[in-house]
Amino acid sequence: MSTAVKDSRLMNTYPPPPVTFVRGQGSRLWDSEGREYLDFVGGVAVCSLGHSHPAVADALADQARTLLHVSNLYGTTVGPEVASTLDRLVGGGGRVFFANSGAEANECAFKLARKWAGAPARFVVVSAERSFHGRTLATLAATGQFHRHPPFQPLPAGFRHVPYGSLEALAEAVAAPDVAAVVLETVQGEGGVWPAPAGYLAGARRLCDEVGALLIVDEVQTGLGRTGRWFGFQHEGVRPDVVTLAKALGNGVPIGACWASDDVAAAFGPGDHATTLGGQPLAAAAARAVLGVMEAEDVPARAAAAGTRLMDALAGLPGIAEVRGQGLLVGAELDGRSAPEVAAAALAAGLLVNPVRPTTLRFMPSLLVTDDELDEAVAVLASVLAA
């Protein structure tokens, strides 16, 4: 760890970093000592095109020399262009609010649901146990990982949780007259990489329609090709009312988005919601470049093929009890070993993987990862598990 990082005045919200990175290219990172690593964390699914992709770097440089920021009180050209592309990829017929992060995108979704449904009579959002929707107060309240709640009580009211995957529990929850919306992830990434059971999202859509509640799909981690489709809900042919996304959109530049169908988006009027920096020209230029590369490279298809190759290879390793996931969001359940200890050993061997749960490793490489890089990562992990 560099002296600058070790002695920094950063607030104590993360454990001490084991390594300090100074450069990245594609799926590779280099630390302050010049050592090379293979990155299968990808900035927690952010670096969708890998590090320092030239199209994104060029777009940022061009936009920085042209126009950085004027506030959303005025019009710009890049943001509306990106909104049109996102609307087309989601399925059309909607509008987009740009934020700075996934948590802010979800905050927008929850406020929109309350306004649309007629709060305070209907204001409750039903969420799932083991879910993760962010670390702001409202998104923390929505998050179904209850061990994160006690230090921050009282959390905002208006969130109820049901077991993920149970349509019976969801049906009982949405029957309450104060329910405005249901929010679900298509794969619970932070919860340990748990894909939705077959038919679950379609069933949730049907239940929401029966009671007149919105279906919000949180695609902050899964959106834009990660699961092998542009969005995870497209695996089941479901059309949500609201979709949130963020991580992959800027490839490292902070930007999030909340898409809503036209009739739902119409609930917001000027002044109901806002952001100072969300969707400003620099971030929007990065997103435009990212989406351009993604469409040109057909990243959903690449992620589907690469994910199959990665999961098949991991499933054959001694020491791994179960492999689950979709596309290039993959979890490996270890057979009795500590995931943090295995991840630390992998880092020492030159591979970044994420110990998302005590016995679960999470893999989120670039969507442009090559077969050789996949094979190299599996070989490094195999040597670590065999040690």
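1. Partly exposed, as used in this note, describes a residue whose relative accessible area falls between the buried class, under 20%, and the exposed class, over 50%. E376, at 32% relative accessibility, therefore counts as partly exposed. The model under discussion is a predicted one, and the values below should be read with that in view.

2. E376 is a partner of R28 in a salt bridge, in which the closest N and O atoms are 2.8 Å apart. Because R28 lies in strand β2 (residues 28-31) and E376 in helix α13, this pair ties together parts that are 348 residues apart in sequence. R28 itself is buried, with a relative accessible area of 18%.

3. The side chain of R28 also meets that of E36 in a salt bridge, at 3.3 Å from N to O, and E36 is partly exposed, with a relative accessible area of 39%.

4. Another salt bridge is formed by D272 and K115, whose closest N and O atoms are 2.6 Å apart. This pair links distant parts of the chain, since D272 sits in the loop between α9 (262-265) and α10, whereas K115 belongs to helix α5 (residues 102-117), 157 residues apart. D272 is partly exposed, with a relative accessible area of 26%, and K115 is partly exposed as well, at 42%.

5. Helix α13 (residues 371-386) packs with helix α12 (residues 339-348) at an angle of about 120 degrees, the two axes being 9 Å apart. That angle makes α12 oblique to α13, and the crossing of the two helices is right-handed. On the α12 side the contact involves V342, A345 and A346, which meet V380, L381, V384 and L385 in α13; the residues of this contact divide into 7 nonpolar, no polar and no charged.

6. A382 also lies in helix α13, and this residue is partly exposed, with a relative accessible area of 27%.

7. A289, found in helix α10 (residues 281-297), is buried, with a relative accessible area of 14%. Leaving aside residues up to four places away in sequence, A289 touches A55, V56 and A59. The C-alpha atoms of A289 and A55 are 6.1 Å apart in space, although the two residues are 234 residues apart in sequence.

8. E333, in strand β14 (residues 329-334), is buried, with a relative accessible area of 16%. Again not counting residues up to four places away in sequence, E333 touches I320, A321, E322, R324, T359 and T360.

Notes
Residues numbered from 1 in each chain as written. Predicted model: local features only at pLDDT ≥ 70, side-chain atom pairs only at ≥ 80, totals over all residues. Heavy atoms only, no water. Helix = DSSP H or I, 4+ residues; strand = E, 2+ residues; numbered from the N terminus. Buried < 20%, exposed > 50% of the residue type's maximum accessible area, 1.4 Å probe, protein only. Contact = heavy atoms within 4.5 Å. Axes fitted to C-alpha atoms, helices over the stretch in contact; angles between N-to-C directions. Parallel < 35°, antiparallel > 145°, perpendicular 65-115°, else oblique. Left-handed = near helix turned anticlockwise from the far one by under 90°. Nonpolar A, V, L, I, M, F, W, Y, C, P; charged D, E, K, R; others polar. Salt bridge = Lys/Arg side-chain N within 4 Å of Asp/Glu carboxyl O.
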